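The following note sets out points for a colleague's review of the structure below. Each point may be read against the coordinates.

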Amino acid sequence: MRSLSDEQIDFIADDIRIRGVFTQSLQEDLLDHICCFIEEQDDERPFEEIYRRALDAFGQQGLQGIQDETLYLVNRPYLTKMKKIAYLSGGLSATALVLGALFKVQHWPGANVMLISGTLLMTFFFIPYFFYTQFTEQTEKKGKVISTLGLITAVLMATGAFFKLMHWPGATILIIAFTFFFLIFLPLYIINGARNPLTRLSSVSNGFLFACIGGFMMLLSFQQPSKAVTDSLVIIEQNQTQLLAKMKDQLANSDAASTTKQALEQFVASCDQSVSTIATDDAATIGNGLPVSNEQLAPFNTRISDAVSTLNTTMASNPNWTPLKYNMIERTLYGSVKFQVMQLETEAYVNAMK
């Protein structure tokens with residue numbers, strides 16, 4: 001039975017720290033285990049050769065693998081709880097997004113609330129929890145890098161879609177950045193996971209899930225009306241324009257009071273000027289898919305509401321006049337804003353010609 005010198009014991013202790021074992025208790029246990037292994041060898045082989053054999057006994061991952069496995073076992077209850085939270089938030093966010101998309105298609109109230117809630121829940125709960133658990137379970141540096149890349153990709157995806165839904169500036173840049181990172185992350189994630197038989201199935205299925213979620217979020221971001229809907233809406237707007245023009249001519253040639261004609265002319269001019277502040281050229285055509293932000297709609301609604309109030313006040317002396325009611329326009333398409341204003345103008349002419 002061989003004995004170790006103090007210099008050899010210090011060498012083993014320093015080498016254990018150099019190899020990535022930073023937990024004090026684990027350092028002492030490994031030092032004791034390796035020293036016992038070496039002292040049990042009764043042959044005359046050099047200390048260095050026996051020490052290398054002792055290190056080989058820890059497997060391919062070596063002492064760093066022992067450190068990682070120890071930390072995982074210590075934190076396993078915490079990680080299990082984290083996974084439950086991640087899966088719960090993921091289920092709730094997916095449900096909110098699917099229901100929000102359904103409500104959006106059916107034009108039911110509450111669609112935007114569900115879409116925004118689902119996006120926020122996914123961005124601030126599911127994505128961080130999911131990739132954090134993935135990160136802590138990785139034992140290799142390459143796996144940790146891929147998990148970090150996945151976190152960046154997922155956050156860019158969710159924030160880009162959210163900015164697009166809210167019509168905030170910077171949405172296009174976020175979506176382009178997401179596309180770039182996604183094309184790098186997804187192949188690396190699948191290839192790295194497929195090399196391990198234990199994670200092959202989960203990696204492929206998760207990769208497919210990531211692709212579906214990414215595509216779904218992009219569809220929400222770039223929602224556009226179909227060509228058939230666009231064409232029909234354009235025809236409707238043209239018919240409405242022709243009808244409004246005929247009613248203007250009829251009122252101009254009627255026996256209506258000059259004050260009535262002047263009040264309607266001022267009302268139409270005010271409405272058209274308000275529309276021109278948010279819609280120009282082709283953007284004024286209905287169904288083109290260009291959004292109007294809340295920043296544009298707020299002053300627009302104020303101007304139209306003031307014009308309606310002024311017209312109602314001027315026409316109050318007319319006993320046949322039915323006061324106009326203006327419903328504030330929410331975030332919508334340029335064309336639908338113009339179309340709703342044209343309908344309001346048509347209603348004013350109908351009331352004036354009673």
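**Review note on the predicted model**

1. Overall architecture. Along the sequence, the protein chain runs in the pattern α-α-α-α-α-α-α-α-α-α-α-α. The count is 12 helices and zero strands. The model is a predicted one, and the points below should be read accordingly.

2. Confidence. The protein chain has a mean pLDDT of 75, and 74% of its residues reach 70 or more. Confidence is lowest in helix α4, residues 62–106, where the mean is 70; it is highest in helix α10, residues 258–276, at 86. In residues 280–290 the pLDDT is below 50, yet this stretch has 32 contacts in the model beyond near neighbours in sequence. Those contacts belong to a stretch with pLDDT below 50, and the reader may wish to bear this in mind.

3. The protein chain comprises 354 residues, of which 37% are buried. Of the contacts with a separation of 6 or more, 70% are between residues 24 or more positions apart.

4. Helix α3. Which residues of helix α3 are buried? In this helix, which spans residues 47–56, they are Phe47, Ile50, Tyr51, Ala54 and Leu55. Viewed down the axis of α3, these buried residues fall within an arc of 145°, and therefore they line one face of the helix. The face turned away from that buried side carries the exposed residues Arg52 and Asp56.

5. Leu99 lies in helix α4, the helix in which confidence is lowest. The relative accessible area of Leu99 is 35%, so this residue is partly exposed, the buried class being limited to values under 20% and the exposed class to values over 50%.

6. Ile213 in helix α8. Ile213 belongs to helix α8, which covers residues 200–221. Leaving aside neighbours within four places in sequence, Ile213 is in contact with Met122 and Met157. The C-alpha atoms of Ile213 and Ala94 are 9.0 Å apart in space, although the two residues are 119 residues apart in sequence.

7. Ile116 in helix α5. Where does Ile116 lie, and is this residue buried or partly exposed? Its place is in helix α5, residues 111–137. With a relative accessible area of 23%, Ile116 is partly exposed. Ile116 and Phe163 are 47 residues apart in sequence, with 9.9 Å from C-alpha to C-alpha.

8. Gly143 in helix α6. Helix α6, residues 141–166, contains Gly143. This glycine counts as buried because its relative accessibility is 3%, and buried means under 20%. In sequence, Gly143 and Gly193 are 50 residues apart; in space, their C-alpha atoms are 8.9 Å apart.

Definitions and conventions
Residues numbered from 1 in each chain as written. Predicted model: local features only at pLDDT ≥ 70, side-chain atom pairs only at ≥ 80, totals over all residues. Heavy atoms only, no water. pLDDT = per-residue confidence, 0-100. Helix = DSSP H or I, 4+ residues; strand = E, 2+ residues; numbered from the N terminus. Contact = heavy atoms within 4.5 Å. Buried < 20%, exposed > 50% of the residue type's maximum accessible area, 1.4 Å probe, protein only. Arc of directions from axis to C-beta.
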